[in-house]
Amino acid sequence: MQNRIKELRQARGLTQEQLAKATEVRRETIVFLEQGKYNPSLLLAHRVAMALGTTIEDLFQFDTEL
C-alpha cells in the first residue's frame, strides 16, 4: 500500500508535527506512515484524510493485484 501523505501535507504547508497534533498521534507515527512502514487503523486513516482535506481512497493507493 502506498500513500500520498507527505505530498498532500507539504502541499498544505503542514509540518509533520502539525499533522501529528491534528491527528492526535506522535510525530514519529507520521514519519512511519509517510515512509510506508506503518499501516494505520481505519480511525487514524480517517483522521489523516480529514486533516489533509481528502478522502481515505485518495490518500491511500491499494495494490489490487493479489
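Which side chain is joined to that of Gln16 by a polar contact of 3.4 Å? Have a look at the first close-up of this predicted model, then carry on through the others.

**Figure 1. Gln16 and its partners.** The answer is Arg27: a polar contact of 3.4 Å links its side chain to that of Gln16. Gln16 itself sits in helix 2. If you skip the residues up to four places away in sequence, Gln16 touches Arg9, Arg27, Ile30, Val31 and Glu34. Two of those names, Arg9 and Glu34, turn up again in the next view.

**Figure 2. Arg9, a buried arginine in helix 1.** Helix 1 runs over residues 5–11, and Arg9 is part of it. Is Arg9 buried or exposed? Its relative accessibility is 7%, and the cut-off for buried is under 20%, so Arg9 counts as buried. The side chain of Arg9 has a polar contact of 2.5 Å with the side chain of Glu34. Once you leave aside neighbours within four places in sequence, the contacts of Arg9 are Leu14, Thr15, Gln16, Leu19, Glu34 and Leu52.

Figure 3. Not counting residues up to four places away in sequence, Arg4 touches Asp58, Leu59 and Gln61. Now pick out Lys37 too: Arg4 and Lys37 are 33 residues apart along the chain, and their C-alpha atoms are separated by 14 Å.

**Figure 4. Helix 3 and its buried side.** Which residues of helix 3 are buried? They are Ile30, Val31, Leu33 and Glu34. These residues cover an arc of only 165° around the axis, so they end up on the same side of helix 3. What do they pack against? The partners are strand 1, helix 1, helix 2 and helix 4.

**Figure 5. Where helix 2 meets helix 3.** Two packed helices are described by the angle between their axes and the distance between the axes. For helix 2 and helix 3, the axes come within 8 Å and cross at roughly 105°. That angle makes helix 2 roughly perpendicular to helix 3. On the helix 2 side of the meeting, look for Gln16, Glu17, Leu19, Ala20 and Thr23. On the helix 3 side, look for Arg27, Ile30, Val31 and Glu34.

**Figure 6. Glu24, between helix 2 and helix 3.** Most residues other than glycine have a negative phi. Glu24 is not a glycine, yet its phi is positive, at about 60°. Glu24 lies in the loop between helix 2 and helix 3. With a relative accessible area of 63%, Glu24 is exposed.

Figure 7. Gln35 belongs to the loop between helix 3 and helix 4. Its relative accessible area is 46%, which means Gln35 is partly exposed. How far apart in space are Gln35 and Lys6, C-alpha to C-alpha? The separation is 8.7 Å, though the two residues are 29 residues apart in sequence.

**Figure 8. The two sides of helix 4.** Helix 4 covers residues 42–51, and its buried residues include Leu44, Ala45, Val48 and Ala49. Down the helix axis, the buried residues fall within an arc of 135°, so they line one face of helix 4. The buried residues of helix 4 pack against helix 1, helix 2 (16–23), helix 3 (27–34), helix 5 (56–59) and strand 2 (60–61). Just past the end of helix 4, Gly53 has a positive phi of about 70°.

**Figure 9. Helix 2 packed on helix 4.** The axes of helix 2 and helix 4 are 9 Å apart, and the helices pack at an angle of about 120°. That makes helix 2 oblique to helix 4. The crossing of these two helices is right-handed. Leu19, Ala22 and Thr23 of helix 2 make the contact with Leu44, Arg47, Val48 and Ala51 of helix 4.

Notes:
Residues are numbered from 1 along each chain as its sequence is written. This is a predicted model: local features need pLDDT of at least 70, side-chain atom pairs count only at pLDDT 80 or more; totals for chains, interfaces and linings use all residues. Side-chain values use heavy atoms; hydrogens and water are left out. Helices (H or I, at least four residues) and strands (E, at least two) are DSSP runs, numbered from the N terminus. Buried means under 20% relative accessible area, exposed over 50%, partly exposed in between (1.4 Å probe, protein chains only). A polar contact is a pair of N or O atoms within 3.5 Å; within protein, one must be able to donate a hydrogen and the other to accept it, and residues adjacent in sequence count only if both atoms are side-chain atoms. Contact means heavy atoms within 4.5 Å. The arc is that of the directions from the helix axis to the C-beta atoms. Axes are lines fitted to C-alpha atoms, for helices over the stretch in contact, and angles run from 0 to 180 degrees between N-to-C directions. Angles under 35 degrees count as roughly parallel, over 145 as roughly antiparallel, 65 to 115 as roughly perpendicular and the rest as oblique. A crossing is left-handed if the near helix is turned anticlockwise from the far one by less than a right angle, and right-handed if clockwise.
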